[in-house]
Amino acid sequence: MSVTSQKAHLLRANKTNPASWWIAGISLSLVSSLTGNLLVLISICIGTMLTVFLARDESPWARSIGFYLKLATIVVFLRVVFRIIFNLGTATSDAFLLLPSLEFDVGFGNTIHLFGPMSELSLVAAFTDGFRLAAIILSVGMANSLANPRKILKATPGALYEIATAISIAINLAPQLISSLNRVRRARSLRGRSKGIRSLAGIVIPVLEDTIEQSMALAASMSARGFGRRGKRTALQILIARLLGFLAVCLCVTGVVLLLISPDQQFIDLAIVFLGLVAAAFTIRISSTKATRTRFRTEPWRLGDLVVFAVSITLLLLAFGGAFAA
Amino acid sequence: MIELRDLTFSYTNPDGSLVSETPQLNRVNLKITKGEFVLVCGPTGSGKSTFLKTLNGLAPSFTGGVITGELLIDGLNLIGSEPHEFAHLVGYVNQQPEGAFVADTVIDEIVYGAEQLGLSIPAIKQSIDEIAPLLDIAELLERPLVTLSGGQQQRVAIAAALIAGQKILLLDEPTSALDHEGANEVLRVLRNLAHDRGVTVLLAEHRISRVIGAVDSVLVVHGDGSITKGAPQSQFNDNRFAPPIIELGLKLGWNPLPTNNSEATKLWQSGKHSIEAKKLAPASKEVVTLQDLKVSFGTVTALEETNLCLFGNQITALMGENGSGKTTLCWAIQGSGTITSGKVTTSFGDTSSMAAENRLDVLAMVPQRAADLLFLNSLSAELTESDRFANVKPGSTASLFQKLAGRIDTAIHPRDLSAGQQLALVLAIQLVKDAKVLILDEPTRGLDYAAKRALARQLNSIRATDRAVLIATHDIEFVAMVADRVLVLEKGRLVQDGLPTDLLSSGNPLASQIAEITREPALITIEQVLS
């Protein structure tokens, strides 16, 4: 066996813990949103794609990467085109792209500038913005294509029954959406197309209905086999668990949003996220006290997982370090 | 084991109002004893699935609606409980096991329920050791689920439903997607579970002919809210869903009615009968021609080089096990499927190079998942759209649909129709177009015998106008009813091409129930029996 195929084997999607792909995906999205370096962003895009093509298997969700790739391409394209069209900064000395400027008088003494000469800097900025979004999309896409949704579903804490059911349906939604899209599109051509908005409805409605029905069937099957079962808890325990859960979600969301919009107070923001995570852990702890699940076999953590972990944590630390230094 | 007292279930609209004046189940009272093997049947759309789902809380939890009355399971009133509260008592298996699998490998799938219920590891191990040999899956434990055949998957689903020692098993049409062999494996297992293991089995089925001989009692969901239960002989006065064996008994005035084939054979052989030859339509001109058609997906060959003609005036049945290439062949003829080499030509042109709209004039197809074709938000809108598109007199689709599925309130949302009714609707939409070539992929799933007879009549009148009809199906009784010619695929190869009176006759693996009972040559349907 050659070295490359051994590496590929190490990371094979079915040989790795699905959770590690989500950790990698989330870390890479964080890195992408923290960094302003176009080269780093492009490397993340290429890296995630390479990883997917090396590690993916024949499963239906592995095919969803094509969809994410198209979406990312469109995002970069739109971001750059919009920047060229609505080019507000009028470069004079360092013009890189010389485009004629169009001006429209919209009345009341206002004019709109379109196009116009562009500096290299603003073009790079446009590409950076575009590739940042693309890198985030591809990171999530990588996790979605490599992590087996069924294994994640098995690992969702049953203690948070209502939320876990919703999560399990949500996680299954994207891969199923893509697989039913192709089937329905072909089936629809058998009926004959209507014109305009109706033709779109003819694809979108059966796909959505089918996807939701499939997810519900899975949730029903899980429920019929005892998923969500837990011992009796007191009203106070339920109340505390709910309040704490709500607090955890609020803290995490606030912390992440702050982190993204104002990267200059990272200590406070990170502290808020950390508090949120602690609250979440306590919620699960309280809710699980009476849970009665056993694990027949646990999903092992293998060498491949360690590699995925090490790489994503290193990148994350570097990105934070870089952001601090800047 | 199970006792219902005044059980009433109604569907509700999102605003809480009742969908219909008459409840889906109206004050049902019945008892099912331990170890009883019960067949649940009834006309298309009568509410068999809903009834099963009320017995483990999936209705109303996952379907919406309100339930009242008492539902005693092992003496415990569980009315209004969540499905997971039933999980240690009742196992549930649905039509498509692959949609309900939560794991990747057989063993992970089987133990899921036991893990959720908190069984100890040694208890789980012991349970696997007991149940795996019983369901004949001991050798499959480490296999990925996707590599299993349909019959094997369904047996895994049954094992998973019984892993925690559940004493009641509910199955919603577990064999409807399976080929003959797979279905028989599943039924054999169910019989053993009920009779040797004391598991109470409730089985909803449309293809009654192959289970009627094995069950202890038959429960009929009539569709008007009532449910009756009794001995198999007593339950089929409504011939909308009577299997061929009962029909034969009624026609010949046998009393008591036999419910298994060997009893019926004795009765048949003790009398004198007059039978007529089956009328098979002769082939007219070639309509579709396949030349060296080959289809592969990656490294897997789905269809080996095939040469074949479909003729006008003829109904051709395409049979074969799950995964033998039937659906692949249907899509290749339709023109939008993959074709690796070779070609498909029709007397109206090459379908694969036609624009999708032009193809529609030549060819109509009903795919396996018929509901994919429905997208409007009421039955009446679907029917009107179909008339408009097919350019036929308003009401044509509606009257065809009514022939197949009976009278149904047209304000209903197509998604609220039962699987059988949805199929009937798509059949009506596609048949009304009067295309030259008609391809039907599994067109009888979830249809009762009356609907199948109506479909057979419709196909007979279509074929008379020089049309070619191809039906891919596992449904032997339906093939016996309509086909003029039978093709059998095996692992992507066409292995048989003959007359139904030969291939479906007594002694063949595909023998129809009438053929098995009478053991007369070339006698395959009830219509051929005159007295």
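Modeller: Gladly, and one term comes up at once: a residue is called buried if 20 or more other C-beta atoms lie within 10 Å of its own, exposed if 12 or fewer do, and partly exposed in between, with C-beta atoms placed from the backbone. This is a predicted model, where local features need pLDDT of at least 70 and side-chain atom pairs count only at pLDDT 80 or more, while totals for chains, interfaces and linings use all residues. Residues are numbered from 1 along each chain as its sequence is written, and chains are lettered from A and ligands numbered from 1 in the order in which they are written.

Biologist: Which residues of H9(A) are buried?

Modeller: In H9(A), the buried residues are Ala241(A), Leu244(A), Ala248(A), Leu251(A), Gly255(A) and Leu259(A). An α-helix has 3.6 residues a turn, so residues three or four places apart point the same way. For chain A as a whole, 33% of its 326 residues count as buried.

Biologist: What makes the span of helix H9 of chain A agree with its length in residues?

Modeller: The expected span of a helix is 1.5 Å times one less than its number of residues. Helix H9 of chain A (residues 235-261) has 27 residues and should therefore span 39 Å, and its end C-alpha atoms are 39 Å apart, which agrees. Helices here are DSSP runs of H or I with at least four residues, strands are runs of E with at least two, and both are numbered from the N terminus. Chain A has eleven helices and four strands.

Biologist: Why are H2(A) and H5(A) called roughly antiparallel?

Modeller: Two packed helices are described by the angle between their axes and the distance between the axes. Axes are lines fitted to C-alpha atoms, for helices over the stretch in contact, and angles run from 0 to 180 degrees between N-to-C directions. Angles under 35 degrees count as roughly parallel, over 145 as roughly antiparallel, 65 to 115 as roughly perpendicular and the rest as oblique. The axes of helix H2 (residues 18-34) and helix H5 (residues 120-146) of chain A come within 8 Å and cross at roughly 180°. H2(A) and H5(A) are therefore roughly antiparallel to each other.

Biologist: Which residues make the contact of H2(A) with H5(A)?

Modeller: Two residues are in contact if their C-beta atoms, placed from the backbone, lie within 7 Å. Among them are Trp21(A), Trp22(A) and Leu28(A) of H2(A), and Arg132(A), Ile136(A) and Leu146(A) of H5(A). By class, this contact of H2(A) with H5(A) has ten nonpolar, five polar and one charged residues. Here Ala, Val, Leu, Ile, Met, Phe, Trp, Tyr, Cys and Pro count as nonpolar, Asp, Glu, Lys and Arg as charged, and the others, Gly among them, as polar.

Biologist: What makes H14(B) oblique to H16(B)?

Modeller: Helix H14 (residues 396-405) and helix H16 (residues 449-463) of chain B have axes that come within 7 Å and cross at roughly 135°. That angle makes H14(B) oblique to H16(B). Lys403(B), Leu404(B) and Ala405(B) of H14(B) meet Ala451(B), Ala454(B), Leu455(B) and Gln458(B) of H16(B). Those residues divide into five nonpolar, one polar and one charged.

Biologist: How many residues does each chain give to the contact of chain A with chain B?

Modeller: Chain A gives 39 residues and chain B gives 39 residues. On the side of chain A that touches chain B, H8(A) gives the most, with 14 residues. By class, that side of chain A has 15 nonpolar, twelve polar and twelve charged residues.

Biologist: Why is Arg27(B) called partly exposed, and why is Asp292(B) called exposed?

Modeller: Arg27(B) has 15 other C-beta atoms within 10 Å and is therefore partly exposed, while Asp292(B) has 11 and is therefore exposed. Arg27(B) lies in strand E2 (residues 25-32) of chain B, and Asp292(B) lies in strand E11 (residues 286-297) of chain B.

Biologist: What is phi in Arg27(B) and in Asp292(B)?

Modeller: Most residues other than glycine have a negative phi, and most peptide bonds are trans. Phi of Arg27(B) is near 45°, a positive value, and Asp292(B) has a positive phi of about 45°. As for peptide bonds, the one from Ala59(B) to Pro60(B) is cis, with omega near 5°.
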